[in-house]
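These are my notebook entries on a structure that I examined entry by entry. Each entry records what I looked up and what I found.

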Amino acid sequence: MNDFSLSNAQYSIEMLGTIAFALSGVVESARRRLDAVGVYVVAFLAAFGGGTLRDILLDRRPFFWVEHSEQLWLVFGLVTAALLFMRSRHLEPTERAMQWPDALGMGLFAASGAQLALAFDSPPLVAALLGTVTAVFGGVLRDVVCNDIPKVFRDHQPYAVWAFVAGWMIVAMDALDVAQWLALVLAAGTATLLRVLSVLLDWRLPAWRVES
Amino acid sequence: MNDFSLSNAQYSIEMLGTIAFALSGVVESARRRLDAVGVYVVAFLAAFGGGTLRDILLDRRPFFWVEHSEQLWLVFGLVTAALLFMRSRHLEPTERAMQWPDALGMGLFAASGAQLALAFDSPPLVAALLGTVTAVFGGVLRDVVCNDIPKVFRDHQPYAVWAFVAGWMIVAMDALDVAQWLALVLAAGTATLLRVLSVLLDWRLPAWRVES
Amino acid sequence: MNDFSLSNAQYSIEMLGTIAFALSGVVESARRRLDAVGVYVVAFLAAFGGGTLRDILLDRRPFFWVEHSEQLWLVFGLVTAALLFMRSRHLEPTERAMQWPDALGMGLFAASGAQLALAFDSPPLVAALLGTVTAVFGGVLRDVVCNDIPKVFRDHQPYAVWAFVAGWMIVAMDALDVAQWLALVLAAGTATLLRVLSVLLDWRLPAWRVES
């Protein structure tokens, strides 16, 4: 695989993940009865919040959405379409259908976030954490603004854990001099697969013993 | 109009807007029964949160409130006076009276935020969004910290929409080489006027069809 | 006292404060029935949120937890141990026992945060505020993510006030050319002592008159 086709494939998957994150914001804000402005803002936070926080923590400018402002337009158009055409009965099926591209986006953002952090000379644990932040904090901001405890903190179904695993895989493969594109594919693929299995087989995080 | 008198007028209006934003924080935190520390912090978040987030996103330092730390002192004194002299029966009238300077502040911060973003080479959509962030996110942070869904996301009365319009007017007039001061006056004035009309005539955002 | 032994002592106290902040996150997230991921994230936010926000506001990189990533590992191990060994009946005593190292951490982070802000040429009020932010915002983020109004804003028992006092003491002693280590010891010690007295004697902030 040459670099051009990877970066094309990567960009397409990123877009898919961004769309899934944005739609999660639309569904959540519709549930909370926000007005149209709220729907746009929550969708933008869900789609771009994680990567933006990563870029702020790395002190990286311009932001990815300033370099690729077509992504802003895409989400803008998507939310507009949702506002025009979505009905209550679409919320549940949309959320279910979005689980799969969301898993893809989670894996890819975790892996590429960790690679970016390594390129900024972060130590291993920091790189793994920044990959996780990239994958997870859009959803956290979405839920905080909607006045919920973030789903990823109370769901008991593994999600952030796999992002963290992908981050460590990137760190390990970087230390072993694995080619960047291969590391990206392996780490993102593993995290996505584990997330899909978590949903299909309803895996649970070990229970916090305080509760018993 | 020469530059000096504009910047003087602009600064006075900014102060008025900042005072209105700070008082919205005082009223909200009084409603939520916060202690004195909470009242100061929420007032500061409401007054300076939007501009601070804009400066972080633009990677602009020093912050406007470091360059103009007299604004911090002004809000500090204002909150102290409110703590000493404000009673429950003042909350409602204060909130109503603050709607007009708030509309002025919203228009001016949206327009000047978008101009600043353009000066930092932001693409058009990013500049319009950063203008909106400047005008709106102080109130968002105020409400998030007080454990409310932000008013601007669920109010159905147009507010952020006019900030966004002001941002696009700045972008358009910048492309047409309109003088900066004239663009600022026109965009801020239009957004303020539209907001005042929204309140007076109780305009509503088109309903999100999911609700029906 | 020479610089070496001070910086060693300072580092040990900082670690103690960080541990207290992290455990406050564990206790809060256990109360809110978060899953294991939530417990880690809330503990990290409580422990590192205040200093991170200070560094973002000062545009200071690398973050202190990138330079000292052993602190991340420490909190990681601490939370893991808590997840394995903590039971419901430990929550209350843990919280009570943590009040004293928390007071130490608050005083020290406020004083060192203000010194750092002065080293970045902040004006006096800004330096005092940034010291307060360093000491207080970890707890604010912890509570916001757990969907509570931050305890520090509604507790009526002085906490942030003493951090602010420590910040001003640093500013004053800097203007008087007091040696940095002495200023640090005096300001941090004063704030810690006042906080301990506030807890022991149950001091109250003067009531916000709106409530009566």
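This is a predicted model: local features need pLDDT of at least 70, side-chain atom pairs count only at pLDDT 80 or more; totals for chains, interfaces and linings use all residues.

Residues are numbered from 1 along each chain as its sequence is written, and chains are lettered from A and ligands numbered from 1 in the order in which they are written.

**Entry 1: chain C against chain A.** I counted two residues as in contact if their C-beta atoms, placed from the backbone, lie within 7 Å. By this rule, 25 residues of chain C are in contact with 24 residues of chain A. On the side of chain C that touches chain A, the elements giving two or more residues are helix H2 (36-58), helix H4 (69-85), helix H5 (88-119) and helix H6 (124-145) of chain C. The helices are DSSP runs (H or I, at least four residues), numbered from the N terminus. H2(C) gives the most to this side, with six residues. I sorted the residues of this side into 16 nonpolar, four polar and five charged. For this sorting, Ala, Val, Leu, Ile, Met, Phe, Trp, Tyr, Cys and Pro count as nonpolar, Asp, Glu, Lys and Arg as charged, and the others, Gly among them, as polar.

**Entry 2: chain A against chain B.** This contact takes 25 residues from chain A and 24 residues from chain B. H2(A) gives the most to the side of chain A that touches chain B, with six residues.

**Entry 3: symmetry.** I looked up the rotation that superposes chain C on chain A, and it is 120 degrees with 0.0 Å of shift along its axis (RMSD 0.0 Å). The two copies are thus related as by a three-fold rotation axis. In chain C, the C-alpha nearest the axis belongs to Asn147(C), 3.8 Å from it. Copies were superposed by least squares on the C-alpha atoms of residues with pLDDT of at least 70 in both.

Entry 4: Which residues touch the most other members of the largest nonpolar core? Of its 222 residues, they are Ala166(A), Ala166(B) and Ala166(C). Such a core is a set of buried Ala, Val, Leu, Ile, Met, Phe, Trp, Tyr and Cys residues joined through C-beta atoms within 7 Å. A residue is buried if 20 or more other C-beta atoms, placed from the backbone, lie within 10 Å of its own. Beyond its neighbours within four places in sequence, Ala166(A) has contacts that include Gly107(A), Ala110(A) and Ala187(A).

Ala166(A) is among the buried residues of H8(A), as are Trp162(A) and Phe164(A). The buried residues of H8(A) pack against H5, H6, helix H7 (151-154) and helix H9 (180-200) of chain A, together with H2 of chain C. Just after H8(A), Asp177(A) takes a positive phi of about 60 degrees.

**Entry 5: a loop residue.** Met86(B) lies in the loop between helix H4 (69-85) and helix H5 (88-119) of chain B. I found Met86(B) to be buried, with 20 other C-beta atoms within 10 Å.

Conventions
A residue is buried if 20 or more other C-beta atoms lie within 10 Å of its own, exposed if 12 or fewer, and partly exposed in between; C-beta atoms are placed from the backbone.
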